[in-house]
Each structure stands twice: as structure tokens, then as C-alpha cells.
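This report describes the fold and the helix packing of one protein. It moves from the overall layout to single residues.

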Amino acid sequence: MALVWRQDISVGDDRIDSDHKTLISIINTAEDVINGSGSRRDLERVLARLDQYTKEHFAREEETQRRVGYPFHEAHKLEHKNLIRTLTEIRERVAQAKDAYSYEKVLQGLVDLLEDWLMNHVMLHDLRMRTFVGREKAAPASAAPPAPVRLARAGR
Ligand SMILES: [Fe+2]
């Protein structure tokens, strides 16, 4: 079931929100491929696209955070680095699966991993910058963490 972007995960910046919608769309495509509509080559292609788009997005997001004076931007940058590493590991696992059986094993849990990667790290951590994005001026010393949010799924 496809992930859906909702207004309550908006960070208040059109470009970043647009990036997040694109990332959700790429993850949904990956999910379709994993669930049977595509080949292993298709999966490698969509993961490569995810990798490339994520790096572009993280660069834009880091720039936005610097611009608005987001006080946790160094920690967030480190988080981005870890996320890229996780994505690289996922791609390596897919590439290194030697036969159909080991490829199937790699696919098990991959949707959950990708969704967790996107939702819990990319999106929910980003919500912390919402307070600062609207202001575009000197930020306060601390910001309250966002209330828990779940991404909606189509049909629920
Ligand atoms: Fe983001």
C-alpha cells in the first residue's frame, strides 16, 4: 500500500516538501518493484535513483537549515551521512545477492526498512526544522521536538 504525503509533515518550505513528495514516490516505486512488478535490474535502478535524489535533497535541506539558522544542523548533517550509508548498504545487499534465493532473502523486510528509513529518519527528524523555516531569522536556543506523526497510507 502506497505511502502518502500529508500536510502535517510539511516543514513549511515548498522546495523541501516537494522533495519529500518525490522521495515518497520513489519509495512507492521501489515497493511496487519489490512486490513483484519489476525485475532485479528495475530495483537496482530505482535504488540508484533514490540514492541520487536523496543526496541532492540532503544538500538542499542542509542549505535551508543553514539559511534559517537551524541550531541542530550539524547533528542533522551527521544523520544524513548515516542515512546515506544505510542506503549504500541496502544497494550492496541487492547487488551482492548471488542467486534467486539470496535475492529473495534480501527483499524480505526491505520495504519495511525503506519505509522506516524514509519516515522515521528523513521525514520526522525534518519536522524539527519547521519552527525555524517560517521565521528565516535568528533561532531560539532550543526547539520542542515534534509531536509523533504517522504517514498515512492510501485507503486507510
Ligand atoms: Fe528531508
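Two residues are in contact here, or touch, if their C-beta atoms, placed from the backbone, lie within 7 Å. By that criterion, and not counting residues up to four places away in sequence, Leu-43 touches Ala-30, Val-33, Ile-34, Gly-38 and Val-94.

The model is predicted: local features need a pLDDT of at least 70, side-chain atom pairs count only at pLDDT 80 or more, and totals for chains, interfaces and linings use all residues. Residues are numbered from 1 along each chain as its sequence is written.

**Overall layout and confidence**

The protein has six helices and two strands, where helices (H or I, at least four residues) and strands (E, at least two) are DSSP runs numbered from the N terminus. Along the sequence these elements follow the pattern β-α-α-α-α-α-α-β. Of the 156 residues, 21% count as buried; a residue is buried if 20 or more other C-beta atoms lie within 10 Å of its own, exposed if 12 or fewer, and partly exposed in between, with C-beta atoms placed from the backbone. Among contacts between residues at least 6 apart in sequence, 70% join residues at least 24 apart.

The average pLDDT, the predictor's confidence in each residue on a scale from 0 to 100, is 85 for the protein, and 87% of the residues score at least 70. Where pLDDT is low, the predicted coordinates should not be read in detail.

Helix α4 (residues 100-107) has eight residues, of which the number buried is zero, so α4 lies largely in the open. Gly-109, which follows α4, has a positive phi, near 85°.

Two packed helices are described by the angle between their axes and the distance between the axes. Here axes are lines fitted to C-alpha atoms, for helices over the stretch in contact, and angles run from 0 to 180 degrees between N-to-C directions.

Helices α2 and α3 pack at an angle of about 175° with their axes 11 Å apart, which makes α2 roughly antiparallel to α3; angles under 35 degrees count as roughly parallel, over 145 as roughly antiparallel, 65 to 115 as roughly perpendicular and the rest as oblique. The contact is made by residues including Leu-43, Glu-44, Leu-47 and Phe-58 of α2 and Ile-84, Leu-87, Ile-90 and Val-94 of α3. The residues of this contact divide into nine nonpolar, five polar and seven charged, where Ala, Val, Leu, Ile, Met, Phe, Trp, Tyr, Cys and Pro count as nonpolar, Asp, Glu, Lys and Arg as charged, and the others, Gly among them, as polar.

Helices α3 and α5 pack at about 170°, with their axes 11 Å apart, which makes α3 roughly antiparallel to α5. In this contact His-76, Glu-79, Leu-83, Thr-86 and Ile-90 of α3 meet Leu-110, Leu-113, Trp-117, His-121, Val-122 and His-125 of α5, and by class there are six nonpolar, four polar and one charged residues.

Leu-43 in helix α2 is buried, with 20 other C-beta atoms within 10 Å. Val-33 in helix α1 is buried, with 21 such atoms within 10 Å, and touches Gly-38, Asp-42, Leu-43 and Val-46, not counting residues up to four places away in sequence.

In helix α3, Val-94 is partly exposed, with 17 other C-beta atoms within 10 Å. With the same exclusion of residues up to four places away, Val-94 touches Leu-43, Glu-44, Leu-47 and Val-106. Leu-83 also lies in helix α3 and counts as partly exposed, with 17 C-beta neighbours inside 10 Å; not counting residues up to four places away in sequence, Leu-83 touches Trp-117, His-121 and Val-122.

The table gives one C-alpha separation for each of these residues.

| Residue pair | Separation in sequence | C-alpha to C-alpha distance |
|---|---|---|
| Val-94 and Leu-107 | 13 residues | 7.9 Å |
| Leu-43 and Glu-31 | twelve residues | 9.1 Å |
| Val-33 and Val-46 | 13 residues | 8.6 Å |
| Leu-83 and Thr-54 | 29 residues | 9.3 Å |
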